[in-house]
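Please read it with the structure open beside you.

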Amino acid sequence: MQTLDVTRPATGAMAVGVGQAALDAAVGYARERQQFGQPIAAFQGIQFMLADMAQQVHAARLMVHHAARQVDAGVTGNTYEASMAKCWAADAAMKVATDAIQVFGGYGYTREFPVERFFRDAKIMQIYGGTSQIQRVVIARAVLGAETAAYELRGDQLCRKARQIFRALVAEGHRADERLPLQVGQAPG
Ligand SMILES: Cc1cc2nc3c(=O)[nH]c(=O)nc-3n(C[C@H](O)[C@H](O)[C@H](O)COP(=O)(O)OP(=O)(O)OC[C@H]3O[C@@H](n4cnc5c(N)ncnc54)[C@H](O)[C@@H]3O)c2cc1C
C-alpha cells in the first residue's frame, strides 16, 4: 500500500482540478447564458446547483491537502486518509462535472464546450488508482477495525483462525477498534 498511499492523494489532486475547472466553466456560462430575459445565474435552481458544486470541490480540496501534508511529512500508514481523499475527490469531480453539463443544458452534451471533456476526465478518476468501490472497501475495513478485517482476510471457513488472530492482536496491546495495517491477502501472524 505504500505506493498507493502516495499516489492516491496525487490522483485526488487531479480530481480537484477537474472539479474546479467544471465549476468555473459552469459559473462562467451561468452568468452569460440568457433565458427568460435574464442570465440563468439569476435562477435559484442554478444558484443552488453551483453552491453544491462549490462545496463538493472545497471539501475535496481540504481532504486532499490533509492527505498530501501527511505524505510530505513522511507519515506512513496513511492508507485511510489517502483512500478517503482519492475517493471523495473523484466522486466530487464526477458529481460536479455532471452538474456542469446540466448548467450548460444541450450545449453541455456537445464537444463544442469543455464540460463534456471534464465529465470524461472525472470518470477516470473513479476508476484508476483503485476504483471508488475499492476505496470504500479500504475505508470500511479501517472503520470496522481489526476483528472484521481479520474475518475478511480469511473468509467464513477460517473464522476460528480469524478469532485467534484477533485475540493475539488484542493481547499484543491493539484495541478492538484500532485501524491495523492489514491488507487483502496479507494475514497477520
Ligand atoms: C485510462 C486508464 C489508465 C490506467 N492507468 C493505470 C496505470 O498507470 N497503472 C495501473 O496499474 N493501472 C492502470 N489502469 C488500470 C486501472 O487501475 C484499473 O482499470 C482499475 O483498477 C479497475 O480494475 P479493472 O479495470 O480490472 O476493473 P475490475 O476490477 O474488473 O472492476 C470492475 C467493477 O467491479 C468493481 N469491483 C471489483 N472488485 C470489487 C470489490 N471487491 N468490491 C466492490 N466492487 C468491486 C469495480 O469497482 C468496478 O466497478 C488504468 C486504467 C485506465 C482506464
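The points below take the helix packing and then the ligand.

1. This is a predicted model, in which local features need pLDDT of at least 70, side-chain atom pairs count only at pLDDT 80 or more, and totals for chains, interfaces and linings use all residues. Residues are numbered from 1 along each chain as its sequence is written, and side-chain values use heavy atoms, with hydrogens and water left out.

2. The axes of helix 1 (residues 2-32) and helix 3 (residues 79-104) come within 8 Å and cross at roughly 20°, which makes helix 1 roughly parallel to helix 3 (angles under 35 degrees count as roughly parallel, over 145 as roughly antiparallel). Helices here are DSSP runs of H or I with at least four residues, numbered from the N terminus, and axes are lines fitted to C-alpha atoms over the stretch in contact, with angles from 0 to 180 degrees between N-to-C directions. The crossing of helix 1 and helix 3 is left-handed, that is, the near helix is turned anticlockwise from the far one by less than a right angle. Their contact comprises 20 nonpolar, five polar and three charged residues.

3. Helix 1 and helix 2 (residues 44-72) have axes that come within 9 Å and cross at roughly 155°, so helix 1 is roughly antiparallel to helix 2. This crossing, too, is left-handed, and the residues of the contact divide into 19 nonpolar, three polar and two charged.

4. For helix 3 and helix 5 (residues 115-125), the axes come within 8 Å and cross at roughly 160°, which makes helix 3 roughly antiparallel to helix 5. Helix 3 passes helix 5 in a left-handed crossing.

5. Which residues surround the ligand? They are Ile124, Ile127, Tyr128, Gly129, Thr131, Gln133 and Ile134, each with a heavy atom within 4 Å of the ligand. This shell holds four nonpolar, three polar and no charged residues, with Gly counted as polar and Tyr as nonpolar.

6. A polar side-chain atom of threonine 131 lies 2.6 Å from an oxygen atom of the ligand, and a polar side-chain atom of glutamine 133 lies 2.7 Å from an oxygen atom of the ligand. Taken alone, the ligand exposes 960 Å², of which the protein buries 28%, with areas computed by the Shrake-Rupley method with a 1.4 Å probe.

Methods
A polar contact is a pair of N or O atoms within 3.5 Å; within protein, one must be able to donate a hydrogen and the other to accept it, and residues adjacent in sequence count only if both atoms are side-chain atoms. Helices (H or I, at least four residues) and strands (E, at least two) are DSSP runs, numbered from the N terminus. Angles under 35 degrees count as roughly parallel, over 145 as roughly antiparallel, 65 to 115 as roughly perpendicular and the rest as oblique.
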